[in-house]
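My entries follow the structure.

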Amino acid sequence: MGLKAGVVGAAGFAGIELVRLLLRHPDFELTVVTSDAWAGTPISRMYPAFTGVTDLAFSANAQAPLAECDVVFLAVPHTAALAVAPGLIEQGVSVVDLSADFRLADPEEYQAWYKTPHTATDLLAKRAFGLPELFRKDLEDLAAKHAAGEAVLVGCAGCYPTATSLAAAPAIRAGLIDPKGVVVVDAVSGVTGAGKKATERTHFCFANENVEAYGVGTHRHTPEISQILGLDGRLVFTPHLAPLNRGLLSTVTMPLDPAKPLPTQEELDKVYADFYADSALVQFIQGGQPQTSSVAGTDRAQVGAVVHTAARMVVATGAIDNLGKGAAGQAVQCANIICGLDEAAGLDLIACAI
């Protein structure tokens, strides 16, 4: 038998994507899926794609046997994980949280952006940040603790921070970027990134045939991107909503360090190629640009980078599936690492070509 896994909030977009990945995972056995609104309803009745695949039905959160799981994934809104994660950890269950509750290292910053106090600061201090390509050692440290029988916690990175940081990090960590310069991020996401509940922005009639910026200067992923890339006070992040079901493309414009020689395109290519040379899930597209269609349905990320010689800038781009590498896929990748498994186990690596 494999490691027992549960998904809290399994009826939502990220939650049902977790269900899809875990049902065919070679090492995890999905045993519990929860949804208070759909308690007692078979997954296949709500999502007919699972007909003949599973007989699991949603359980109410209070009645779900989550303590019997080895790992529980929390696909819930912010603040909900604060209420659930501590109890699971106390019962010896490791937690992979897809919400924002354990992303920001500073609880005061969390309160400032999410307008609620952080009530699990002891866990926050022990968690690993779930972006494996940039914080692998922290996850490997948790893997050692998990192997010793300790319940551990991963706070997975958000979708915009994932695409943005994977695109920007190689140039920043190589010291190519002006340490005082402003970094500008323009990112476009599909509608599933906004969650399952329809709003006036995400309702079909408003989202279709329309692209708009939102959360300008106020989006809650701003401090997370700043934390990952060390851009405190130097980040301008503008998200956009596009009429896509899934997919996210982030374009990051970074000023080069004026004290250093202008890198050639060949030198920049080498920085990025070397950075991701050993990555199982991030591809550097040398001489080309990432596309959302090339990563749809997968946990892969594609990254590109160009030297803008006249403006002395690096323009880097990152494409992910917002439900894959931006949510469920990344959560499974993190769970694989902390459980000592192949990090790509159970994950799709090839998108539909057309």
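I worked on a predicted model, where local features need pLDDT of at least 70, side-chain atom pairs count only at pLDDT 80 or more, and totals for chains, interfaces and linings use all residues. Residues are numbered from 1 along each chain as its sequence is written, and side-chain values use heavy atoms, with hydrogens and water left out.

**Largest pocket.** I looked up pockets (open sets of points on a 1 Å grid over the protein atoms alone, with protein on both sides within 12 Å along at least five of seven lines). A volume here is the space filled by probe spheres set on the points, which are joined across faces, edges and corners. The largest pocket has about 1300 Å³. It has 47 lining residues, and V76, P77, G193, A194 and G195 are the closest to its centre. Lining means an atom within 4 Å of a point. Helices α1 (13-23), α7 (159-173) and α11 (324-338) each give at least two lining residues. Helices are DSSP runs (H or I, at least four residues), numbered from the N terminus. The largest share, 3 residues, comes from α1. I counted classes next: 21 nonpolar, 20 polar and 6 charged. Nonpolar means Ala, Val, Leu, Ile, Met, Phe, Trp, Tyr, Cys and Pro; charged means Asp, Glu, Lys and Arg; the others, Gly among them, are polar.

**Second largest pocket.** I found a volume of about 210 Å³. Its lining includes F13, K196, K197, H203 and L323. The classes are 5 nonpolar, 5 polar and 2 charged.

**Cavity.** I then searched the whole structure for cavities (sets of points where a 1.4 Å probe fits but cannot get out). There is 1 of 30 Å³ or more. The largest cavity holds about 40 Å³. E17, R20, R246, D299 and D348 are among its lining residues. Its lining has 5 charged, 4 polar and 2 nonpolar residues. Again α1 gives the largest share, 3 residues.

**Helix pair.** How do α7 and α10 pack? I read an angle of about 115° between α7 and α10 (265-275), with axes 9 Å apart. Axes are lines fitted to C-alpha atoms over the stretch in contact, and angles run from 0 to 180 degrees between N-to-C directions. So α7 is roughly perpendicular to α10 (the class spans 65 to 115 degrees). On the α7 side, A167, A168, A169, P170, A171 and R173 make the contact (heavy atoms within 4.5 Å). On the α10 side, V271, Y272 and F275 do. By class, that contact has 8 nonpolar, no polar and 1 charged residues.

Note on methods. Angles under 35 degrees count as roughly parallel, over 145 as roughly antiparallel, 65 to 115 as roughly perpendicular and the rest as oblique.
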